[in-house]
Amino acid sequence: MPDIAKDQLALEEARKFAGREHGLFIDGAWMAPRSGSTFETFNPGDGSRIGHAAAGGEADVDLAVRAARAALEGPWADMKPSERARLLWRLADAIEAHADEFALLETLNNGKPLRDARMFDVPHAVEVLRYNAGWTTKLNGESVNLSGPGTWHAYTVREPVGVVAAIVPWNAPLAMAVAKTAPALAAGCTIILKPAEQTPLTAIRLAHLVEQVGFPKGVFNLVTGLGEAAGAALVAHAGVDKVTFTGSTEVGRLIVKGATANMKRVTLELGGKTPVIVMPDADINRAIEGAARSIFTNAGQICNAGSRLFAHESVFDALVEGVADFAGKLRVGPGLDPNTQMGPVVSAEQRERVLGYIEAGLRDGAKISGQGTAASGPGYFVPPTVLTGTNSQMSVVREEIFGPVLCAMSFSDRDLDAIAAQANDTDYGLGAIVWTQNLSAAHKLARKIKAGTVRVNGGGLDPALPFGGFKQSGWGRENGREGIEAYTEVKSIAIAL
Ligand code: NAI
Ligand code: MG
């Protein structure tokens with residue numbers, strides 16, 4: 001039984017935190033932004049203003065970059081890897097100790113159901129920190145046998161890439177902040193984190209814990225602010241060695257352009273249009289539930305949400321009916337309501353965007369084969385929607401909607417190349433999900449699909465498994481060995497003996 005009185009108290013605390021005067025966290029200290037300006041932040045569940053955050057600009061970014069550089073070349077470089085691991089582990093413990101508070105803040109600011117924040121976002125952040133803490137002591141180079149003449153001792157070492165700017169989105173604010181911070185710090189880099197302007201709160205709370213657990217000053221800096229101000233200033237700054245970004249492909253392109261001045265390293269985790277392929281031999285009930293969860297979780301605001309359903313014609317009707325039924329029964333409401341299964345989208349702007357896509361789909365000839373009810377009230381609610389009659393020319397199929405909208409299409413040809421070609425007919429290549437009982441078809445399809453992650457019959461995100469995109473879904477990988485190596489430079493050393 002949830003303790004309602006205790007929950008109310010915790011919510012009051014979270015609201016109080018949201019409403020505080022928040023500064024920027026630079027060089028181990030909290031400070032007001034040089035401009036003195038702030039931006040407002042809202043509760044998507046009811047559209048109310050819940051606080052404001054400091055709008056950092058160029059001058060603040062410059063201070064943060066200098067602090068990060070000094071730490072990189074000072075105490076952080078001198079620290080034993082195991083000490084870095086200990087700090088990361090302590091940060092994980094601190095988040096865990098404040099798990100309820102983080103979950104409440106995330107729900108208050110992003111809108112997602114509280115149970116999702118509790119079950120996924122917060123524990124995932126903790127796991128990612130612990131996973132990367134283990135890498136601090138295991139980042140080795142290798143010895144190399146040279147092919148040229150002479151006697152040599154040759155080897156490689158991995159060094160931190162340097163000062164990292166992390167620009168993150170609003171769909172999983174804490175998890176995204178940690179997805180960048182953990183490997184960067186584990187690799188020995190220092191970081192400036194810029195959260196999305198829609199959702200600054202958990203990043204601010206994270207900075208308080210960084211301060212509390214005792215990282216040397218300047219190792220982790222937080223500059224809240226607008227993308228075109230704080231974000232752009234980070235991308236332009238000559239003292240930043242790497243930008244790691246998650247967000248829209250549009251801004252990804254701007255970052256690539258901006259990074260060329262000093263040839264910053266860039267990793268990008270951009271959008272997706274993940275196909276969900278259901279073969280005739282699939283376990284249909286599991287496929288229905290999997291397909292529905294894949295598009296309706298987080299109100300579809302997940303980069304690898306399964307937004308294009310391709311089902312064999314023999315199971316297509318059952319799939320569409322099943323997912324439509326799921327959508328119809330979904331309890332859509334404010335994330336703080338314990339009965340809510342799907343929350344609002346993050347902002348009024350995002351709601352307009354998603355509704356605009358549904359209208360465009362209908363104009364193009366799609367039809368609604370199932371739709372749940374958006375909660376009434378002032379929150380940014382969108383009805384979970386299943387569209388049929390769609391094809392690969394339509395914007396609803398080509399573009400990332402980032403909302404609870406599934407485009408369902410069928411196939412009749414059992415040829416795996418034809419199925420893969422349909423799935424690959426997209427500019428994106430982040431993920432794919434295959435439902436089949438046929439082991440051979442599963443492995444063959446997995447090889448044919450052009451996407452960074454192929455999941456068969458379920459599965460989720462794991463800190464140990466590389467994640468990232470082919471094509472316009474991005475550059476590089478997060479998680480796993482590849483994820484941490486992306487924060488290192490390889491240096492080759494050759495000694496004539
Ligand atoms: P966005 O890409 O504009 O925002 C992501 C981050 O980039 C935020 O921190 C923002 O402040 C920053 N940013 C924005 N403009 C910038 C600039 N010029 N320089 C540096 N940083 C900048 O995403 P937005 O506009 O909030 O969402 C639009 C669409 O993008 C969504 O509907 C969705 O399709 C996609 N998106 C994809 C995400 C993913 O996880 N792949 C996450 C968020 C959005
Ligand atoms: Mg934008």
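I start with an open sheet of 3 strands, in the order β5-β6-β24, where the pairing is antiparallel. Its edge strands, each pairing on one side only, are β5 (143-144) and β24 (488-496). Strand β6, residues 152-160, runs antiparallel to β24, and 9 bridges join the two. Pro160 is the residue opposite Thr488 in β24.

Before going on, the conventions. This is a predicted model, with local features needing pLDDT of at least 70 and side-chain atom pairs counting only at pLDDT 80 or more, while totals for chains, interfaces and linings use all residues. Residues are numbered from 1 along each chain as its sequence is written, chains are lettered from A and ligands numbered from 1 in the order in which they are written, and side-chain values use heavy atoms, leaving out hydrogens and water.

Helices (H or I, at least four residues) and strands (E, at least two) are DSSP runs numbered from the N terminus. Two strands pair if DSSP finds at least two bridges between them.

Next, another open sheet. Seven strands, written 7 in my notes, follow the order β14-β15-β16-β13-β12-β18-β19, and the pairing is mixed. β14 (367-371) and β19 (453-456) are the edge strands. On average, neighbouring strands here are turned by 25° against each other, direction ignored. β14 pairs with β15, residues 385-388, in the antiparallel sense over 4 bridges, and Gly370 has Val386 in β15 as its bridge partner.

What packs on this sheet? α13 does, touching β14, β15 and β16 (405-411), and its direction makes about 135° with that of β14. Helix α15, residues 416-423, also packs on the sheet, touching β12 (274-278), β13 (306-312) and β16, at about 155° to the direction of β13. Contact means heavy atoms within 4.5 Å; axes are lines fitted to C-alpha atoms, for helices over the stretch in contact, with angles from 0 to 180 degrees between N-to-C directions.

Now the ligand. How many residues surround ligand 1? There are 26, the closest being Val168, Trp170, Glu197, Ser248 and Glu400, where near means a heavy atom within 4 Å. α13 (348-363) is one of the elements that each supply at least two residues of that shell, and α9 gives the most, with 3 residues.

Oxygen atoms of ligand 1 make polar contacts (N or O pairs within 3.5 Å): 2.8 Å to a polar side-chain atom of Glu400, and 3.0 Å to a side-chain N or O atom of Lys194.

Definitions and conventions
Polar contact = N/O pair within 3.5 Å; in protein donor to acceptor, adjacent residues only side chain to side chain.
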